[in-house]
Amino acid sequence: MSEHQSGWPHGKEPSLWRVTLSDRTIKVGFLTISVAYLILILLLVGADLAYLVSDSHWGGIFSDNPIAKALQQEEIRYSIMLSMLSCTLSAFLAVAVAVPIAYILKGKTFPGRALVDSILDIPIVLPPLVIGLSLLILFQFPPFTLSIAKWLPFVDDPNLTLNALVVYQIPAVIVAQFTVATAFAIATMKATFEQTDSRMEEVALTLGCNRLQAFSRVVLPQVAPGIITAWTLAWARSLGEFGPLLVFAGTTRNKTEVLSTTVFLEISIGNLEGAVVVSLIMILLSVLVLVVTRVWGKMELSL
Amino acid sequence: MIDLQNLCISQGDFSFQDISLTIPTGSYGVLMGPTGCGKTSMLEAVCGLRDLSSGRIRLGEKDVSNLPPACRGIGYVPQDGTLFGFLSVRENLAFALHLRRWKAAEVNRRVEELSSLLEISHLLDRTTKGLSGGERQRITLGRSLAFQPQFLLLDEPLSATDESTRSGLCDLLKKVQQEMGVTALHVTHSPSEAERLADVIFNFNNLSSIKGSM
């Protein structure tokens with residue numbers, strides 16, 4: 001045979017039934033994994049709902065709605081409001097910091113680039129409690145312990161410091177959320193910027209743009225979908241933020257309590273139903289924000 | 001006049017040395033060289049997108065070696081016809097005019113004029129998706145010429161087009177260059193393009209003028 005003459009070995013040709021079987025297995029296997037995971041997520045939410053109605057009859061959901069009851073409590077309403085405001089503010093701050101950082105890092109190779117990348121990832125990999133503790137310790141040092149009264153109008157207390165203004169106060173909630181959320185926003189924006197075309201920016205420069213115009217007119221429109229994703233991710237991280245808040249902001253009702261700490265407080269006093277109700281409120285809010293940003297992102301893209 | 005004197009660029013592993021060439025005002029210069037020899041980098045340096053190690057770039061009477069790209073007054077057509085995908089064809093053409101704060105009526109007039117010259121009037125209100133290679137190049141050319149630069153740099157403008165549209169585009173390039181009176185530097189690896197378009201031909205590897213009125 002010619003194969004023998006060519007001097008190459010025979011090997012094993014792919015047989016039809018083997019290929020067919022393998023293709024089927026891959027298809028069915030991957031589909032099974034995907035469906036199983038989807039079901040797991042839906043079961044998580046479904047279980048919370050089922051838990052609430054298991055004690056009473058299903059009609060109780062309408063006549064005696066536990067969520068409506070929870071919403072009547074002032075401290076729950078306060079923690080919803082604080083969660084919404086702090087997460088939204090943290091997400092905007094995170095994006096505002098992440099965009100310039102990811103932009104200047106785009107395509108850059110310099111000695112220490114790997115180190116810079118690792119430092120930016122620290123808030124992602126550090127245990128949350130450690131971040132909270134580190135923030136708390138950081139604020140024990142100057143400049144946070146120096147008086148800032150002379151720079152602020154209408155302040156009577158001459159000993160007012162950044163430490164007193166932030167730690168265990170509402171700003172601590174935002175600082176803690178921002179610290180972690182920004183790292184996630186940076187990771188998202190870095191991936192987004194790597195996919196953009198620098199040539200567009202260069203063309204814009206030759207057409208008469210200065211750097212700022214090229215950035216705002218050509219770079220930003222390209223990364224708009226990524227910015228929306230980064231914002232959503234930062235917002236969701238902030239909503240789930242818990243460990244650092246516990247240490248750095250405390251869990252004072254009607255002051256620094258946010259939804260995640262409410263869940264913790266309710267569990268710690270044995271009110272599992274209360275914790276589940278607040279969890280469901282968080283789920284609803286998350287889904288709402290996710291849907292709104294998705295729709296908004298779609299509209300941006302189609303413009 | 002486009003006058004390059006002893007351009008040197010070194011960037012990472014890549015460098016070229018001592019490039020000099022002169023294209024008289026209103027002429028069509030073609031620079032030939034194989035792919036990957038640094039022609040694109042040289043054009044980018046002339047546009048101000050890459051730093052020079054040494055050398056001077058003079059456009060007309062002006063030394064632009066240290067000016068930012070925006071102030072060089074060059075129309076630049078990059079290799080892949082990099083259109084702004086988030087803008088319509090019309091907005092692409094008007095981009096440089098909006099930057100210069102032209103009035104809306106004047107912008108419209110200029111866009112109409114360019115699009116009829118480049119035969120892209122029917123594309124104006126489309127997005128840049130699904131355009132053919134030739135259409136993209138026409139739009140890129142229009143965008144780079146909209147603000148009436150006196151100098152035009154073209155980086156392999158015909159490489160992304162198929163054989164049948166190439167000939168038409170060649171004629172169009174020549175026509176546009178002559179009608180607008182711009183001084184052009186066109187970079188290519190195709191001898192037939194060079195033969196067809198050039199008043200002056202340069203070879204990147206020895207950079208001596210091998211054809212033309214010099």
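1. Let's start with burial: 28% of the 303 residues in chain A are buried. Buried here means that 20 or more other C-beta atoms, placed from the backbone, lie within 10 Å of the residue's own; 12 or fewer makes it exposed, and anything in between partly exposed. Keep in mind that this is a predicted model, where local features need pLDDT of at least 70 and side-chain atom pairs count only at pLDDT 80 or more, while totals for chains, interfaces and linings use all residues. Residues are numbered from 1 along each chain as its sequence is written, and chains are lettered from A, with ligands numbered from 1, in the order in which they are written.

2. On overall form, the C-alpha trace of chain A spans about 100 × 65 × 40 Å along its principal axes. Its radius of gyration is 26 Å, whereas a compact globule of 303 residues would come in near 19 Å. That radius is taken over C-alpha atoms, and the globule rule is 2.2 Å times the number of residues to the power 0.38.

3. What about secondary structure? Chain A has 14 helices and zero strands. Helices (H or I, at least four residues) and strands (E, at least two) are DSSP runs, numbered from the N terminus.

4. Chain A is split into domain 1 (1-64) and domain 2 (66-302), with bounds from an automatic or database domain assignment. Their C-alpha centres lie 35 Å apart. Four residues of domain 1 of chain A and seven of domain 2 of chain A make up the contact, which is counted when C-beta atoms, placed from the backbone, lie within 7 Å.

5. Finally, the partner chain: 15 residues of chain B are in contact with 15 residues of chain A. On the chain B side, strand 6 (74-77) and helix 2 (89-99) each supply at least two residues. Helix 2 of chain B gives the most, with three residues.

Key
Two residues are in contact if their C-beta atoms, placed from the backbone, lie within 7 Å.
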